[in-house]
Amino acid sequence: MHLGEDLITLGILLVVAYIFGRLGKLIGLPSIPIYMIVGLLASPYSNFFPLDFESGDIELIAVFGLILLLFSLGLEFDQEEFFGNAKTLLISGGSWVLINMGAGYVFGLLVGWGPREALVIAGMTGTSSSAIITKLLIELRRLANKETPMILGVTVVGDIFIAVYLSIVSVVLSGKTEVWPIVLQLSIAFLFLVVMFSLARWGGRVVSRLVRTKDDELFTILFFGLVILFAGIGEIIGVTDAIGAFLIGVVLGASSYRSKIERVAVPLRDIFAAFFFLNFGLALNVAEFGSVLQIVVIAVIMTFVLSLGSGALLAWLHKMGVREGVNTAAIFVNRGEFTLILATLSVSAGLDPRLQPFAGLYVLTMAILGPLFAANSEKIGALLSRKLPGRPKRPHDAMLNEEIALVEAATKEQAAEAHERGRRRASDDTATTVAKYAGATGRTAKPGARDDDTAGGTGTQAGSAGEQAKTRGADEAEAEASAPNAVDAAMIAMLEFAKDRPDPRRSPPKRPAPDPDSDKPAPKPRTGDYT
């Protein structure tokens with residue numbers, strides 16, 4: 001068995017994928033279309049590369065990539081986010097799924113495909129790529145944006161829907177026509193979902209004890225073996241290997257070893273997923289794109305329109321603006337790995353062979369246009385928010401304007417009268433305030449005057465001021481009580497300041513001499529006292 005040539009070919013493909021990936025990063029493209037393009041160029045249906053490498057040669061490795069993709073999706077499932085805001089997320093995420101899936105199913109019927117093909121088309125055009133969504137939010141630095149929690153919450157709902165949808169699709173694609181076998185298989189599939197989600201919700205501690213080990217090598221073997229095992233169980237009971245891997249990912253994500261599993265699983269997922277996308281590109285035939293080109297163009301336009309509409313709906317449900325709605329639409333417009341998974345399932349089920357070139361061209365187009373739209377959504381949202389008309393002002397009727405004018409005139413006259421009374425009070429009480437607080441501090445009102453003369457003068461002035469206060473009317477006293485006197489407050493502050501200042505004729509207090517036996521340094525003299 002000689003594998004030298006195949007290994008050299010495979011190595012060349014990975015190196016070319018690396019080179020194209022570096023070029024794609026310069027314009028903001030994700031890695032999924034890059035790997036597909038490399039596989040397409042190396043396909044036996046094209047003559048771009050002088051390589052003879054068929055899709056079946058790496059089929060098993062591609063299956064590992066498929067189940068690790070779904071396993072990582074389940075591992076990132078946020079249970080606290082879902083169960084903490086279940087009602088809001090189900091309403092917003094359910095609305096988004098119903099709009100996009102419903103339109104996709106109708107679209108599949110309108111272009112001439114049957115009900116089973118239309119169901120697959122609905123999943124292809126109505127589900128976003130969680131991997132691309134998460135990657136774009138990180139690369140565009142939008143994790144702190146107002147709309148990001150809403151996007152992640154809807155993504156969680158979408159992940160649950162994918163689990164249910166794949167269970168239904170697997171039964172539909174099985175080709176069974178009798179009612180009771182279909183009901184039995186659906187019941188088994190939903191029971192499997194319920195058991196695994198319940199284990200993830202309430203059995204986190206038990207799972208943590210079962211997978212506990214300090215040896216990293218054994219830990220990697222254990223979790224990878226569990227992924228392969230549950231993928232096989234899912235395939236046997238009829239919910240596909242992908243959904244089995246997703247559910248064991250949800251369970252292991254609920255354990256205390258989630259971060260450790262992610263640290264090991266992410267590199268494995270990336271390398272095996274590259275094989276999956278390469279393998280899908282190898283199976284594509286460029287000559288078949290012409291038969292589905294028109295359908296793909298309509299599907300792309302429909303996807304953008306539906307994403308903008310559902311993005312605006314989500315923003316409205318969460319009381320957000322135009323910018324947040326455009327950002328949401330630009331993130332959710334991306335399509336990726338799940339569309340290719342459905343295409344693989346449809347081909348194995350013997351559906352219309354045009355679904356595979358449709359999925360390939362559709363994902364290639366959306367994986368290029370989607371990130372470009374997301375990178376410029378901030379500018380588009382700002383432009384739309386400036387162009388949209390503002391809320392019109394409510395006109396005042398003539399009677400209301402006249403009443404407002406009468407009220408303003410009356411209050412203006414009352415304000416003028418209150419100001420005049422305050423001015424008279426300020427002139428009358430200034431001397432009283434000075435005398436009162438000067439006498440309290442024991443200071444002389446005039447230079448050279450004796451203290452007893454000053455106290456007597458201030459007492460006489462205080463008595464006359466008291467007589468004046470008694471003669472004022474009740475209405476004036478009430479107005480004075482409601483309006484504070486600025487002059488009075490200023491004089492009080494000045495006299496309190498003079499009372500607290502040290503007497504300049506007294507010598508300053510002596511500081512204690514420093515102790516020669518003490519280790520503490522002597523305090524430095526202060527340059528001023530700002531008390």
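How many cavities of 30 Å³ or more does the structure hold? The structure, a predicted model, holds 3 of them.

**Cavity and pocket**

Rolling a probe the size of a water molecule over the atoms shows where empty space is left.

| Space | Volume | Lining residues | Largest contributor |
|---|---|---|---|
| Largest cavity | about 110 Å³ | 14 residues | α8, 6 residues |
| Largest pocket | about 710 Å³ | 30 residues | α16, 6 residues |

In the largest cavity, the lining residues that lie nearest the centre are Trp 96, Ser 128, Thr 155, Gly 158 and Asp 159. Three helices, α5 (86-110), α7 (130-139) and α8 (148-173), each supply at least two residues of this lining. Helix α8 gives the most, with 6 residues.

The largest pocket has a volume of about 710 Å³. Closest to its centre are Leu 66, Ile 341, Thr 344, Leu 345 and Ser 348. Two or more lining residues come from each of α3 (59-75), α8, α11, α12 (240-253), α13 and α16 (337-348). Helix α16 provides the largest share of the pocket lining.

**Salt bridges**

Side chains of opposite charge can pair when their charged atoms come close. The structure holds 5 salt bridges. In one of them, the side chains of Asp 216 and Lys 260 meet at 3.4 Å, N to O. This pair links distant parts of the chain, 44 residues apart: Asp 216 belongs to helix α11 (residues 216-237) and Lys 260 to helix α13 (residues 258-282).

**Helix α14**

Helix α14 covers residues 289-317, 29 residues in total. At 1.5 Å a residue the helix should span 42 Å, and the 39 Å between its end C-alpha atoms agrees with that. A kink of about 30° is present in α14, centred on Ile 295. Just after this helix, Lys 319 takes a positive phi of about 60°.

**Surface patch**

A nonpolar patch on the surface is formed by Val 15, Tyr 18, Ile 19, Leu 23, Leu 26 and Ile 27. Together these residues have about 650 Å² of accessible area. Val 15 lies in helix α1, which covers residues 4-26. An α-helix has 3.6 residues a turn, so residues three or four places apart point the same way.

Key: Residues are numbered from 1 along each chain as its sequence is written. This is a predicted model: local features need pLDDT of at least 70, side-chain atom pairs count only at pLDDT 80 or more; totals for chains, interfaces and linings use all residues. Side-chain values use heavy atoms; hydrogens and water are left out. Patches are made of residues with over 30% relative accessible area and no salt bridge: like charges are joined within 9 Å, nonpolar side chains (Val, Leu, Ile, Met, Phe, Trp, Tyr) within 5 Å. Accessible areas come from the Shrake-Rupley method with a 1.4 Å probe; for residues, only the protein chains shown count as cover. A salt bridge is a side-chain nitrogen of Lys or Arg within 4 Å of a carboxyl oxygen of Asp or Glu. Helices (H or I, at least four residues) and strands (E, at least two) are DSSP runs, numbered from the N terminus. The expected span of a helix is 1.5 Å times one less than its number of residues. The bend at a residue is the angle between axes fitted to the seven residues ending there and the seven starting there. On a 1 Å grid over the protein atoms alone, a cavity is a set of points where a 1.4 Å probe fits but cannot get out, and a pocket is an open set with protein on both sides within 12 Å along at least five of seven lines; lining residues have an atom within 4 Å of a point. Grid points are joined across faces, edges and corners, and a volume is the space filled by probe spheres set on the points.
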